[in-house]
Every structure is written in C-alpha cells, then in structure tokens.
Amino acid sequence: MIKIRKSEERGHANHGWLDSYHTFSFAEYRDPNHVQFGSLRVINEDRVQPGQGFGTHGHRDMEIVSYVLEGALKHSDSMGNGSIIRSGDVQRMSAGTGVTHSEYNASQSELVHFLQIWILPKTIGLAPSYEQKYFPINDKRNRLCLLVSPDGHDGSVTVHQDIRIYSSVLEKSSSMTHTLAPGRRAYVQLTSGVAEVNGHLLHAGDGARTTDESSILLTGAPEAEVLVFDIA
C-alpha cells in the first residue's frame, strides 16, 4: 500500500528568515495522522535567507541528519565541531546525552536549501558524536547510493538505528528497483524534478509512505532526485 503526501499538504511555517515545510508534526504544526513513520520522526525542508540561521540550541537522544540541496550551511556545536555543509554533503549528529549547536546560512547573498531529518535512536543516553561525508552526484546517477546506515556500509554515515537512507539522481526515463526485506517499509521523498514511485507520480516536495510492498520501482525525469528511507 502506498500513501502519497503532497508537498502542499505538509505543515508550513514562514518566519521571513526561514521558510520551512514539515512532513511530520513539528513545533507549532500538529497532525495526529502524521507524527512519525517508524523511527523516522522529522523531515523538514528548510530554506534559510542569506546570513540568517538557527542560533545555539540543544537536543537530546536524537539522530539528526542534514542534507544540503543548494547553497552552504555553517555548523558549530558543543563537541568542538565547526564545518561548512554543501550540496552533496551528509552530516550526522547524534545528540545522545545532550549537545548544543547552531546552523547558519554560510552565504551573504544566496539561499541555503536543505533537509533536516530526525531519527529516533535505538538506544538513549549515548555519548554525543558527529560525522560528515560528501557523496558526488555521479555516485547517485541511475543508482541508489547509500548515504546513511546503522553500520557505515559502503562508506555511508552511521546512525544508531536500523534505518537506511539512499539517494538517486534519475536521468530521463531511467528506472530502478529497491527490494524491501520482509517486514520493512519505506518512505520516499522527492527533492527535485518529477518521478514515479510504483506508478504514482510525484513532484518536488512530495513524499510517499509504503507498507506491505515488496519493492519500490522508481522512474524519473531528467535530474529528479529521490531519497528512499528503508525502515524496520
């Protein structure tokens, strides 16, 4: 079974400096039908104005993944990490027992557009940790590139949960199939372009949750990027 979540159906908050769409309940947006999907708790699509950002704030017991689509995001945290996250980068921060951090648009002239993804950890009270890796676009063309996993397989970043996140950049009319193991489900998020998921048409910002499906068939138009969350 597949349920489509259209882009315009998501929660939306525009604060001027921040324009954000929420797939699941977040901050002032509350929807009992869209609280989480398995261990996947947050997918926020954020656009931050030049020079603006999130001041220092805290998190606990959450796996936080940032995936930049356009522009550059400046990060600093209480673990001593400071970095610039650019398109193609995947950043993972395990908040564990507690961490503070800030995120700002690194540019004074261009927007930064990124996904903020929260995953509930399998174990609470972990020591905070940080990881960042770059995944070239050619590694994603017409194939599923593993970005996030519980064991760092194929050079992916590691999260403390049984979830895998893949990215694929589809060329015109290209297609691929992702097989789901028995008992697993998937959430698909389209970040750009137009694509079909098991015959259902998605546009940029749309998502699809699948249950009781044995596989995911992705068919895309030029430069459509799809994220696939394979969830226990």
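This is a predicted model: local features need pLDDT of at least 70, side-chain atom pairs count only at pLDDT 80 or more; totals for chains, interfaces and linings use all residues.

Trainee: What is the bridge partner of I4 in β20?

Mentor: In general, strands of a sheet pair through backbone hydrogen bonds, in a parallel or an antiparallel sense. Here, I4 has A208 as its bridge partner in β20.

Trainee: In what order do the strands of the open sheet lie?

Mentor: The open sheet has 7 strands in the order β1-β20-β17-β22-β15-β13-β14, and its pairing is mixed. At the edges stand β1 (2-5) and β14 (157-158); each has a single partner strand, so one side of each lacks a neighbour in the sheet.

Trainee: How many helices and strands does the chain have?

Mentor: The secondary structure comes to 0 helices and 22 strands. The radius of gyration is 17 Å, close to the 17 Å given by the globule rule for 232 residues, so the chain is as compact as a globular protein of that length. Along the principal axes, the C-alpha atoms fill a box of roughly 45 × 40 × 35 Å. Of the contacts with a separation of 6 or more, 71% are between residues 24 or more positions apart.

Trainee: Over how many bridges does β16 pair with β21, and over how many does β18?

Mentor: Strand β16 (residues 175-179) pairs with β21 in the antiparallel sense over 5 bridges, and H178 has I216 as its bridge partner in β21. Strand β18 also pairs with β21 in the antiparallel sense, over 3 bridges; there, E196 has T219 as its partner.

Trainee: Which residue takes a positive phi in the hairpin of β18 and β19?

Mentor: That residue is N198, with a phi near 50°, in a hairpin that has 2 residues between its strands. The strands themselves, β18 (residues 194-197) and β19 (residues 200-203), pair in the antiparallel sense over 4 bridges. Within this pairing, L202 in β19 is the bridge partner of A195.

Trainee: Which residues touch the most other members of the largest nonpolar core?

Mentor: In soluble globular proteins, nonpolar side chains tend to be buried together. The largest nonpolar core here has 23 residues, of which L40, V90, L147, V148, Y187 and F229 touch the most other members. Two or more residues come from each of β4 (40-48), β6 (63-70), β11 (112-119), β13 (145-149), β15 and β22 (224-231). Apart from this core lies another, of 19 residues, including L144, A208, L218 and V228. As for V148, its contacts beyond four places in sequence include V65, V90, V157 and I165.

Trainee: Is S168 buried or exposed?

Mentor: S168 has a relative accessible area of 0%, so it counts as buried. This residue belongs to strand β15 (residues 163-170). A polar atom of the S168 side chain lies 3.0 Å from the backbone oxygen of R143. Among the residues that S168 touches beyond four places in sequence are K140, L144, M176 and V226.

Trainee: Which side chains have polar contacts with those of H101 and H34?

Mentor: The side chain of H101 has a polar contact of 3.2 Å with that of H59. H101 is found in strand β10 (residues 99-105) and counts as buried because its relative accessibility is 3%. Its contacts beyond four places in sequence include H57, H75 and D77.

Mentor: For H34, the polar contact is with the side chain of R209, at 3.4 Å. H34 is found in the loop between β3 (18-22) and β4. At 17% relative accessibility, H34 also counts as buried, because the cut-off is under 20%. Beyond four places in sequence, H34 touches R5, T23, F24, S25 and R209.

How values were computed. Residues are numbered from 1 along each chain as its sequence is written. Side-chain values use heavy atoms; hydrogens and water are left out. Buried means under 20% relative accessible area, exposed over 50%, partly exposed in between (1.4 Å probe, protein chains only). A polar contact is a pair of N or O atoms within 3.5 Å; within protein, one must be able to donate a hydrogen and the other to accept it, and residues adjacent in sequence count only if both atoms are side-chain atoms. Contact means heavy atoms within 4.5 Å. Two strands pair if DSSP finds at least two bridges between them. A nonpolar core is a set of buried Ala, Val, Leu, Ile, Met, Phe, Trp, Tyr and Cys residues joined through side-chain atoms within 4.5 Å. The radius of gyration is taken over C-alpha atoms; the globule rule is 2.2 Å times the number of residues to the power 0.38.
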